[in-house]
Amino acid sequence: MSYNFVLSAILILFSFCFIVLLYYSWQNRDTPISISYGLGVLAASFYTFGYAFQLVSTTVEQMLFWIHVQYMGIPFGPFIWIIMILQFTGNQRILTKRNIALLSIGPLSTLGTHFTNDWHHLFYKSMNLDYSQGFPLLFLDRGPLFYLHIGYAYSYYLIGIYLLVRMFLKSNRERKKQVALMMIGSSFVFGFPFIHSIGVIKIPIDISPFGLVFSAVFYLWGIYQFNMLKLSPLAMKKVFESINDAVIIFDIDNTLKSYNKSSNILFEQLPDKKLIGSFASQVLSHFPPLVKFIEQNPEIDKLTTQSMQLGDKFYNVHFSFINGSNNKPVGKMLILHDITESIKYEESLLQQSKQFEYLAHHDVLTGIYNRTYFEEEVKRKLVQSGKKDGALMICDLNFFKEINDRYGHLTGDNVLIFTANCWHENLPKPHILARLGGDEFVMFFEQIGSKEKFLKQVEKARDAFRVNLYKQDDIEIEIVPSIGIAFVEEEGIDYEHLYHTCDVHMYEDKKYIKEQTQS
């Protein structure tokens, strides 16, 4: 058996390995780098699978078909790889729609020029079979568009390697291993094709697919040793920074170790990383309750939550220990959830509730009690034992219609407000004052003491209207109330009977005032 069949079998085997990696990437598709890695594996599988069957083909037509299969993946390999590197090194912000479209120009051009080569012969000048190895190999005389393809592919590679080297130099020891595996794997991806393209080593077969096999080994190592796909080196940082809640991490001695961007918004006193390593009492000196919360020692396996006001905001603060591999605490974590809007909403609801309660009990125009509340409250007081010396009084305003007709309803409303204030200030206290509606008012006196003294106080209150005229601009209006009074001691505690008695007496008073005015 010629060794081309062995090489073909190896490539087919690794094509299936790529499918396994593709499935693994799909399972972890919530991580952006998994998507780009999976697409890269898919592109590699087209290359290795197509070349596996090209090696065992016997005619130019068969080989050309399998080359077409390979070019379903070859042009997109560098394009997908640079996207993966940008994600891996934390440069996702560069991956805007515009920049992705620009990066895709190269692979789309290669794809187009390859499949239209029969029209222009600028990608491959000619194709010939070579039998020097004991089996047919296709010799391709490359044209200028092929080298243009090589040029953009390696420009992506140089940019990606630069980003990886820079990341390697800035990383800690554990992360350096991840970056190193990425760099080694990438060198196989691009190194083998480069050697084959420039012809430094005279190798009759295309070694590029085998470079993908070696790179897959290193990628697998990274995946299983460091969980590279499921959680790339910057994936945890991305999650950490994307949390809307403020997250602050201290070591067991209460020194600051890390915090996310939301903490920057919360703590204006944390301007930069120089505060890393400072004690909580220094970093959070402007929030003493929070310092006390951190320095206390709750149960290790218990999550503690406390609501507190920090500055002008309110937070639910969650405290928990961070345990190491031996299940012993190695640090402390604070998560601060901003509940300011919820608190404001609750206060708004409470305020609205108070407003509704006020409106349910009060007259909107005058601000005194309304009829419904007055009746309920007076009936409750009347049935109480020992409340037999009270009095009910109602009144309305004489000539109020003429005031409205002459000066307008706005002036009439102001007269009603003036009347309510005047009654409130001059009536004997304590009293309950309400507006029945229109120009009618009602008052209840729970304890009046002497009946004679009470009547004198009421007359004094009525006289106040004669002394204090309503004044507005250049007009003066005398308020002339009619009054009706009923005494609990004489009429009993039935509210409706008391009200009827007051109503009768008020109309007698109204008739008397009318007669006095006409005489």
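How exposed is Phe 399 in terms of relative accessibility? At 39%, Phe 399 counts as partly exposed; that label covers the range between buried (under 20% relative accessible area) and exposed (over 50%), using a 1.4 Å probe and protein chains only. Keep in mind that this is a predicted model, where local features need pLDDT of at least 70, side-chain atom pairs count only at pLDDT 80 or more, and totals for chains, interfaces and linings use all residues. Residues are numbered from 1 along each chain as its sequence is written, and side-chain values use heavy atoms, with hydrogens and water left out.

Phe 399 sits in the loop between E9 and H17; helices (H or I, at least four residues) and strands (E, at least two) are DSSP runs, numbered from the N terminus. Its backbone is worth a look too: phi of Phe 399 is near 65°, a positive value in a residue other than glycine. For background, most residues other than glycine have a negative phi, and most peptide bonds are trans.

Now step onto H17 (residues 400-407). Its buried residues are Phe 400, Ile 403 and Asn 404. They cover an arc of only 95° around the axis, so they are on the same side of H17; the arc is taken from the directions from the helix axis to the C-beta atoms. Turned away from that buried side is a face with the exposed residues Lys 401, Asp 405 and Arg 406. The buried residues pack against strand E9 (391-397), H18 and strand E13 (475-477), where contact means heavy atoms within 4.5 Å.

After H17 comes Gly 408, with a positive phi near 100°. H17 and H18 (residues 409-426) pack at about 140°, with their axes 7 Å apart; the axes are lines fitted to C-alpha atoms, for helices over the stretch in contact, and angles run from 0 to 180 degrees between N-to-C directions. The two helices are therefore oblique to each other, the term for whatever is left once angles under 35 degrees count as roughly parallel, over 145 as roughly antiparallel and 65 to 115 as roughly perpendicular. On the H17 side, the contact is made by Phe 400, Ile 403, Asn 404 and Tyr 407, and H18 brings His 409, Thr 411, Gly 412, Val 415 and Leu 416.

Further along, Pro 430 lies in the loop between H18 and strand E10 (432-437), and the peptide bond from Lys 429 to Pro 430 is cis, with omega near 0°.
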